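Please look over the structure shown here. A short report on a few of its parts follows.

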Amino acid sequence: MNDVARQRTAGTDGLRVVVVGATGNAGTSVVEALRHHPAVASVLGLARRVPDWRPDGTAWAAADVDPGGSDLVDHFAGADAIVHLAWKFQPTHDPVTTWRTNVLGSIRVYESAAAAGVPALIHASSVGAYSPGPKDHPVDESWPTHGWPQAAYCREKAYMERYLDGFEAAHPDVRVVRMRPAFLFKRESASQQRRIFAGSLLPAQLMRPSFVPAVPDLPGLVFQALHTDDAATAYVAAVVRPVRGAYNLAADPPLDAAGLGRLLDSRPLRLPLPPLRAALSMAWRLRLVPASPDLFDAVLRLPLMDCSRARAELDWRPRRTATEAVREFLDGLRDHAGMNTAPLAA
């Protein structure tokens with residue numbers, strides 16, 4: 001181990017890691033990956049609702065990152081690293097609520113970590129932090145992170161990038177890593193993601209191969225995906241290695257209408273964007289779907305990411321293709337899959 005883990009484990013029991021937001025899609029995978037790493041001695045999972053899921057080597061505590069919530073400094077005392085994953089996607093009709101958790105809550109996490117003297121912070125940024133970019137070639141981590149301003153999710157991710165710029169300047173002794181994954185999928189996240197993005201208008205039966213006659217082929221509909229467990233291995237590498245800065249995370253191949261069509265045994269159908277966007281907007285305004293049309297607009301504009309830096313500095317390679325990750329997720333949708341935590345409950 002030519003990394004922080006070697007330094008820490010010499011004469012000690014190993015790393016103590018706190019995972020904030022440990023019961024969601026990314027959090028459960030990160031907890032599992034951490035507890036199996038030989039350099040990690042203990043994991044403390046923080047969540048608003050402590051789960052019945054109790055993996056070996058993991059302790060739990062109830063904590064709320066929102067302003068006025070739990071005192072986080074006591075939870076962070078003595079930690080070697082904090083992995084911050086807590087994030088609200090909903091309610092999209094109330095961006096003040098998501099801002100309170102995602103921005104003000106995240107700032108509380110990092111200010112509390114600094115007060116507790118934690119030497120390493122791993123931040124869950126996203127491809128959604130990036131400004132609109134190309135779909136025909138990937139961009140590296142130097143691409144601007146101003147987000148798509150109409151989508152609350154992108155605004156909040158971009159704002160946290162700016163906040164961390166200032167945090168790093170004020171705390172140069174703290175090692176800050178920003179993970180920018182593509183869309184994360186796994187079987188156990190299916191029920192949660194259905195609730196967050198589609199609601200009741202997406203029956204599980206609709207995801208059966210050959211049930212969907214056509215997949216909309218829209219301008220800009222090219223995106224990257226990644227299995228959540230593969231993202232988790234990158235997070236763990238960022239914990240145990242002496243790295244700083246941003247890392248793109250995605251698996252090949254990029255997915256478009258043709259790729260989605262193959263997954264669903266459907267054919268791509270070229271459609272004009274304005275009518276489809278108008279229908280989605282109306283459904284959102286009528287509260288028939290929970291996902292904002294502004295997030296749909298962002299997806300059509302997000303750049304493809306080059307992951308060379310993660311391969312070189314984290315020694316990271318995804319074990320599953322993007323197609324395999326999405327296929328597993330679709331299988332989970334059909335089976336109403338979930339997990340024994342509040343966010344992932346079936």
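Which residues does Ala124 touch, not counting residues up to four places away in sequence?

## Ala124 and its contacts

Ala124 touches His84, Leu85, Lys157, Met179 and Tyr235, with neighbours up to four places away in sequence left out. Contact here means heavy atoms within 4.5 Å. Leu85 lies 39 residues from Ala124 along the chain, yet their C-alpha atoms are separated by 5.5 Å.

Ala124 sits in strand 5, residues 120-124. Strands (E, at least two residues) and helices (H or I, at least four) are DSSP runs, numbered from the N terminus. Ala124 counts as buried because its relative accessibility is 11%. Buried means under 20% relative accessible area, exposed over 50%, and partly exposed in between (1.4 Å probe, protein chains only).

## About the model

This is a predicted model: local features need pLDDT of at least 70, side-chain atom pairs count only at pLDDT 80 or more, and totals for chains, interfaces and linings use all residues. Residues are numbered from 1 along each chain as its sequence is written, and side-chain values use heavy atoms, leaving out hydrogens and water.

## Cysteines

The structure holds zero disulfides. Cys154 is in no disulfide, and the nearest cysteine sulfur, in Cys307, is 18 Å away. That is too far for a bond, since a disulfide is a pair of cysteine sulfur atoms within 2.5 Å. Cys154 is buried, at 1% relative accessible area. Cys307 is buried too, at 6%.

An open sheet of three strands has the order 7-9-11, with mixed pairing. Two strands pair if DSSP finds at least two bridges between them. Strand 7 (183-185) and strand 11 (251-255) are the edge strands, each pairing on one side only.

Strand 9 (residues 223-227) and strand 11 run antiparallel, joined by two bridges. Phe223 stands opposite Leu255 in strand 11. Helix 7 (residues 228-240) packs on the sheet and touches strand 7 and strand 9.

## Helix 6 against helix 12

Helix 6 (residues 190-198) packs with helix 12 (residues 322-334) at about 85°, their axes 8 Å apart. The two helices are therefore roughly perpendicular, a label for angles of 65 to 115 degrees; under 35 is roughly parallel, over 145 roughly antiparallel, and the rest oblique. Axes are lines fitted to C-alpha atoms, for helices over the stretch in contact, and angles run from 0 to 180 degrees between N-to-C directions.

Ala190, Gln193 and Arg194 in helix 6 meet Phe329, Gly332 and Leu333 in helix 12.
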